[in-house]
Amino acid sequence: MTKSPGLTGKETTMKLKVTTTIFASALALAVILSLSAGAPPVSASSARNGQLHVQKDCLGYSGSAGGHCRVTASNLAQIPAGSYIIYDQTAGTPAGMLDSNVVLDDETGTGNRAVGRCTLDFSTGLGLCTFSDGTGQLAGFTARVNVSSLGGKMWAWDGTYSFSPEPDR
């Protein structure tokens with residue numbers, strides 16, 4: 001290596017080390033930024049899935065097709081208290097059970113609905129509901145919840161939910 005005019009050997013070596021360090025730091029920063037550019041922040045993705053806890057009152061549900069229960073409490077903002085769970089099939093087929101397609105409707109009239117299926121054994125008071133998709137604020141919604149009786153006409157859903165990314169339009 002040729003020395004710059006007016007610089008000693010130590011000064012040339014020191015200048016080379018500083019230049020190399022700056023270049024390496026800039027390169028490392030560029031790699032980190034390029035790897036993280038497409039990843040959503042942790043807080044954004046964690047809000048898209050989690051535990052689901054809902055309580056519902058079925059006082060007005062008679063077991064007829066089109067009957068409904070009403071959400072009284074929910075830990076998910078997209079399923080506010082007052083939302084309806086509407087049952088498409090009549091209870092009792094098969095005997096002693098409810099096995100029905102369901103629509104979860106937030107009743108705001110803005111198209112926030114999810115579709116799924118619920119199966120409940122009346123003799124044990126236990127069941128399962130699954131949701132496969134939705135519209136509006138419930139677009140991409142999936143859930144799997146265990147159903148249990150809280151006594152009387154009150155029921156609980158406890159399980160997990162997630163929202164899939166919306167497709168490009």
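## Close-up views of a predicted chain

**View 1. The whole chain, end to end.** Starting at the N terminus, the elements run α-α-β-β-β-β-β-β-β-β. That gives two helices and eight strands, where helices (H or I, at least four residues) and strands (E, at least two) are DSSP runs numbered from the N terminus. This is a predicted model, in which local features need pLDDT of at least 70 and side-chain atom pairs count only at pLDDT 80 or more, while totals for chains, interfaces and linings use all residues. Residues are numbered from 1 along each chain as its sequence is written, and side-chain values use heavy atoms, with hydrogens and water left out. Of the 169 residues, 27% count as buried (buried is under 20% relative accessible area, exposed over 50%, partly exposed in between, with a 1.4 Å probe and protein chains only). Contacts here mean heavy atoms within 4.5 Å. Among those with a separation of 6 or more, 36% are between residues 24 or more positions apart.

**View 2. K56, a buried lysine.** Look for K56 in strand 1, residues 49-57. K56 is buried, but it has no salt bridge (a side-chain nitrogen of Lys or Arg within 4 Å of a carboxyl oxygen of Asp or Glu). The nearest side chain of opposite charge is D57, 9.7 Å away; for charges, Lys and Arg count as positive and Asp and Glu as negative, with His and the chain ends not counted. What K56 does have is a polar contact of 2.5 Å between its side chain and that of Y87. A polar contact is a pair of N or O atoms within 3.5 Å; within protein, one must be able to donate a hydrogen and the other to accept it, and residues adjacent in sequence count only if both atoms are side-chain atoms. Leaving aside neighbours within four places in sequence, K56 also has contacts that include C69, I85, M154 and W157.

View 3. F131, F141, W157, Y161 and F163 form one aromatic cluster. Rings of Phe, Tyr and Trp (its six-membered ring) pair if their centres lie within 6.5 Å; planes under 30 degrees apart are stacked, over 60 edge-to-face, and the rest tilted. By this rule there are five aromatic pairs. F131 and W157 are a tilted pair, because their centres are 5.5 Å apart and their planes are at 55°. This pair links distant parts of the chain, with F131 in strand 6 (residues 126-135) and W157 in strand 8 (residues 154-163), 26 residues apart. F131 is buried at 5% relative accessibility, and W157 is buried at 0%. Y161 and F163 form an edge-to-face pair, 5.9 Å centre to centre with 75° between the planes.

View 4. Most residues other than glycine have a negative phi, and most peptide bonds are trans. The peptide bond from T93 to P94, though, is cis, with omega near 0°. P94 sits in the loop between strand 3 (84-87) and strand 4 (97-105). E107 has a positive phi, near 60°, and lies in the loop between strand 4 and strand 5 (113-121). With 39% relative accessibility, E107 counts as partly exposed.
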